[in-house]
Structure formats: structure tokens, C-alpha cells
Amino acid sequence: MPVYNSGLYLRQMIDSILAQSYRNWELVLVDDGSKDNSGEICEQYAATDNRIRVIHQQNAGVGEARNTGLRHIQGDYVYFADSDDSMEPEMLQKMVDVVDRTGADVVRVDYWDDYADSSVEKGRCDGSVESFCQAEATMKVYHNEITSYLWSMLFRRTVIQNSFPNLRTFEDYCAVFKWIASCNKLVWLHEPLYHYRQRQDSLMNHLHVGLDCPRDFMTAIQARYDAIKRTPLVEKYRDDIILTYQKNLLKNTKNAVRSDCSAAERFFFMMKVMAILKQLPNPGMKLGLKYTIRYDLLMHSPRLFQSLVRRTAIFSARHHRKARLFKGAQEA
């Protein structure tokens with residue numbers, strides 16, 4: 001568990017781990033240079049339970065904190081928790097049971113989005129179990145039909161062959177894909193077992209302040225595309241793989257243009273994306289109407305693309321829906 005300035009929520013998360021019905025675990029807490037009392041809280045828990053170890057390091061970002069943790073683990077399975085969330089008491093036991101019963105390399109579960117005064121189930125949440133072979137799992141993760149949330153998955157240690165890239169955001173988007181692409185089987189338990197805390201400060205700032213997030217996402221998108229091109233799947237799904245790559249690039253460019261940075265920085269970012277897109281086949285109408293419009297505007301009228309995206313919110317319904325949820329919680 002990487003820990004950085006999460007003192008307000010940290011005890012709730014560690015307490016939920018201590019409450020697990022599955023007892024044979026070790027918890028490696030990596031204090032990534034916290035400036036609040038997070039480090040002290042970690043030490044307090046380690047002093048009361050010998051299954052908990054604490055590592056303090058200078059701030060290097062969540063990816064490097066997780067790499068530090070990976071270098072110190074001893075178990076056969078690896079689970080990555082976030083320090084500001086919480087787990088149901090049966091979560092680890094149910095995940096381990098599924099792995100033992102099915103022989104899967106990865107098991108995934110459903111979850112709740114937790115807001116200030118409400119929780120929303122995310123996933124099918126009907127108790128059913130789905131099984132995917134390597135090719136199926138790889139394509140579903142590539143299309144984001146299986147999201148790369150680390151806290152929703154338990155991995156066999158042998159699957160984790162690559163470390164996290166040195167990114168501040170989207171390090172999981174890059175790393176998880178490579179791990180899934182090397183697994184034999186992924187099993188999805190449709191039962192909500194994790195509570196994902198929705199924090200207004202972390203949700204909106206990532207998309208709309210500066211270009212750090214879009215730059216990291218660009219790196220992760222390219223890493224996924226490069227990785228899948230090295231698999232046999234590219235022979236069967238070449239067009240589909242390229243179209244998904246193009247859609248991700250266009251979506252990320254939209255977020256970059258809407259970010260809080262200078263017009264020159266936004267334009268330079270668009271030029272980089274255009275250079276990548278020019279190396280790929282023209283998708284025509286295969287992208288669908290919305291993405292085709294974005295593609296044509298960006299490739300032929302980048303300044304118009306920038307102006308329209310900055311002035312409109314046509315493609316940001318999901319963002320505004322979450323904003324309304326936060327506003328409702330605050331008013332309540």
C-alpha cells in the first residue's frame with residue numbers, strides 16, 4: 001500500500017485489512033515522503049501487528065512506491081490497496097478462494113463508488129463468476145471493458161514480471177495490461193467487495209490542471225499499443241487494435257485541450273498527437289461519428305479543434321454527472 005498524505009483516511013483502510021477473515025497476509029506500507037501524520041500512523045500499526053511492515057522513502061510517486069513494495073513482499077499472491085479506501089471483511093478470502101478453485105492467475109471483483117452520503121455499486125454485482133482466457137482478458141483490458149484498477153484485482157506473484165513505469169498517474173493502466181497479457185486465465189467475481197472513495201480534489205484536478213496527467217496517459221497509451229503489437233493478437237485484431245489506439249489518443253487530446261495550461265502548451269501537445277496519428281491508417285468512419293469529427297478537426301483544423309473543445313462540454317457528460325453527485329453530497 002503506497003501512503004502519501006492520507007492521514008485522514010489511513011486508519012479506516014488499515015482497520016479494514018486487520019478485519020479480514022483471511023488471516024495469512026503481510027501488509028507492506030510504503031510511506032512515500034508524507035508531510036502529514038501518515039508515517040506515524042503506519043508505525044503505530046506496525047508496532048501492534050508483526051504482519052505489518054513500514055518502509056519510509058523520499059517522495060517518488062505512487063508507481064515507485066509500489067515498486068518499492070514489490071521488492072519487499074514475500075507472498076505467493078499480490079494485492080494492491082489504496083490508502084484512502086476500505087475493504088469488505090470477506091474480500092481477501094473470497095479472492096483467494098476463487099484463485100484456488102479456478103487456477104486463475106488474476107481474480108477481479110466489483111466495487112462501490114463511495115461518495116460523502118451515498119454508495120453506488122459498480123459492476124454486475126450479482127455474485128456470478130466470469131472466466132476469460134489470456135486472449136479474451138488481454139483484449140477486454142485493452143478496450144477498457146475490464147478496467148485497470150489495481151485494487152480490484154489479486155495477482156499471482158509469478159504474473160508480475162514488469163515493474164511500474166515512472167509515472168505520477170496511469171502507472172496502473174500501463175503495468176496491469178502487461179501483466180494480464182502474460183496470464184493464463186482471469187476470473188471476474190461479480191460481487192462488490194471494495195469501497196472506492198470518491199474525493200472531489202483527486203477526481204477533477206487530474207483532468208483539468210496542467211498537462212502532467214495527459215502526458216502520463218499518452219505514455220501509458222503508447223506502452224499498451226507497443227505491448228499488444230508484440231503479441232499474436234495483432235494478426236487477428238490489427239484494425240481493432242489501431243482504432244482503439246486512435247480513440248484513446250483523441251480522448252486524451254480532448255482532456256489536454258481542456259486542461260489548465262497555456263495555449264502554446266496545448267497546441268504543442270496537439271502537434272505531437274497529430275504526428276502519431278499521421279503514422280497510422282486513416283480510420284475513415286470506423287471510429288464512429290463522435291470520434292470521426294474529432295479526428296477530422298484535429299488533423300485538418302487543429303486551432304478550430306482547440307477552440308470548439310475549449311468552449312463546449314458536449315463530450316463531458318460523465319464528468320458533469322460526477323460533479324453533480326459531489327455537489328449534492330455537499331449540499332446534503
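Val 109 is placed in strand β6 (residues 106-114), where helices (H or I, at least four residues) and strands (E, at least two) are DSSP runs numbered from the N terminus. The model is predicted, so that local features need pLDDT of at least 70 and side-chain atom pairs count only at pLDDT 80 or more, while totals for chains, interfaces and linings use all residues. Residues are numbered from 1 along each chain as its sequence is written, and side-chain values use heavy atoms, with hydrogens and water left out.

- Val 109 counts as buried because its relative accessibility is 0%; buried means under 20% relative accessible area, exposed over 50%, and partly exposed in between (1.4 Å probe, protein chains only).
- Val 109 touches Met 91, Met 95, Ser 152, Trp 188, Leu 189, Glu 191 and Leu 193, leaving aside residues up to four places away in sequence; contact means heavy atoms within 4.5 Å.
- Met 95 is 14 residues from Val 109 along the chain, and their C-alpha atoms are separated by 7.9 Å.
- Val 98 belongs to helix α4 (residues 91-102) and counts as buried, at 3% relative accessibility.
- Gly 103, Val 107, Val 187 and Leu 189 are touched by Val 98, again not counting residues up to four places away in sequence.
- A distance of 17 Å separates the C-alpha atoms of Val 98 and Tyr 111, which are 13 residues apart along the chain.

**Helices α5 and α6**
- The axes of α5 (residues 134-142) and α6 (residues 171-181) come within 8 Å and cross at roughly 165 degrees; axes are lines fitted to C-alpha atoms, for helices over the stretch in contact, and angles run from 0 to 180 degrees between N-to-C directions.
- That angle makes α5 roughly antiparallel to α6 (under 35 degrees counts as roughly parallel, over 145 as roughly antiparallel, 65 to 115 as roughly perpendicular and the rest as oblique).
- In this contact, Gln 134, Ala 137, Thr 138, Val 141 and Tyr 142 of α5 meet Phe 177, Ile 180 and Ala 181 of α6.
- The contact residues of α5 with α6 comprise 6 nonpolar, 2 polar and no charged; Ala, Val, Leu, Ile, Met, Phe, Trp, Tyr, Cys and Pro count as nonpolar, Asp, Glu, Lys and Arg as charged, and the others, Gly among them, as polar.
- Ala 137, Thr 138, Met 139, Val 141 and Tyr 142 are buried in α5, and the buried residues of this helix pack against β8 (129-133), α6, β10 (185-197), α8 (212-229) and α9.
- Glu 171 is placed in α6 and counts as buried at 5% relative accessibility.
- Val 62, Gly 63, Arg 66, Phe 164 and Pro 165 are touched by Glu 171, not counting residues up to four places away in sequence.

**Nonpolar cores**
- The largest nonpolar core has 61 residues, of which Phe 80, Phe 155, Trp 179, Ile 180 and Leu 277 touch the most other members; such a core is a set of buried Ala, Val, Leu, Ile, Met, Phe, Trp, Tyr and Cys residues joined through side-chain atoms within 4.5 Å.
- Helix α9 (residues 233-257) gives the most to this core, with 10 residues.
- Another core lies apart from it and has 34 residues, among them Leu 27, Leu 92, Met 95 and Leu 154.
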